[in-house]
Amino acid sequence: MQLVVGRIGKPHGVRGEVTVEVRTDEPEARFAPGAVLRTEPGATPPPSTAGPGVPFRVPAELTIEEARFHQGRMLVAFDGILDRNTAEALRGTLLVVDSADVAPPDDPEEFHDHQLVGLAVVTPAGERLGEVARIDHAPASDLLVLRRPEGRTALIPFVRAIVPEVDLAGGRVIVDPPAGLLDL
């Protein structure tokens, strides 16, 4: 499974540096010099040229040359991206890593999104409520987006009072929702 760790934004300056919208909790590790990130399969770059008459295609992989934070934004230079026009052609490209390359968290109470997506959601009594479709990261708490059997979705705050147990080995999340939560 491919995990998105960033999205390339606009160029910064004239030497090929770009802004990156960071989508990982570990930007220092993911964007370390020498790290290789894959681009989203099937990414289609905007029409651009890398030079006179030379069409530019987004490479399948990009190697980090340098990364730094500047005024709250991450700026990244990739090997081989040397000018603003080429950097502009990367705009909107998603940077991904394979979930197999991501070490599990040290804390047994912490989970990566990809570990939860697809798990069955059941009550403490074993009643099936649906499955985890995705995780939304809200300011107050993370939210499990539950896909209900009838096709609706429900949002479940990912807090211990409502989600007392995550059983990765058993492929399920136990949820004890307060009355009315699944009806919202």
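Ile64 stands opposite Phe78 in strand 7. In this predicted model, local features need pLDDT of at least 70 and side-chain atom pairs count only at pLDDT 80 or more, while totals for chains, interfaces and linings use all residues. Residues are numbered from 1 along each chain as its sequence is written, and side-chain values use heavy atoms, with hydrogens and water left out.

Strand 7 (residues 73-78) runs antiparallel to strand 6 (residues 61-70). The two are joined by 6 bridges. Strands are DSSP runs (E, at least two residues), as are helices (H or I, at least four), numbered from the N terminus. Pairing requires that DSSP finds at least two bridges between two strands.

Strand 7 also meets strand 2, through 3 bridges in antiparallel orientation. Here Thr19 has Leu75 of strand 7 as its bridge partner.

Strand 2 (residues 18-22) is linked in turn to strand 1 (residues 2-11) by 4 antiparallel bridges. Arg7 has Glu21 in strand 2 as its bridge partner. The hairpin of these strands has 6 residues between them, and Gly13 there takes a positive phi near 80°.

These pairings belong to a closed barrel of 6 strands, with the order 1-2-7-6-3-8 and antiparallel pairing. The twist from one strand to the next averages 50°. Axes are lines fitted to C-alpha atoms (for helices, over the stretch in contact), and angles run from 0 to 180 degrees between N-to-C directions.

An unreviewed UniProt entry annotates residues 114-181 as "domain: Ribosome maturation factor RimM PRC barrel". UniProt positions follow the numbering used here, feature names are shortened, and annotations may be inferred rather than shown by experiment. In the model, the span is 4% helix and 44% strand, and its end C-alpha atoms lie 24 Å apart.
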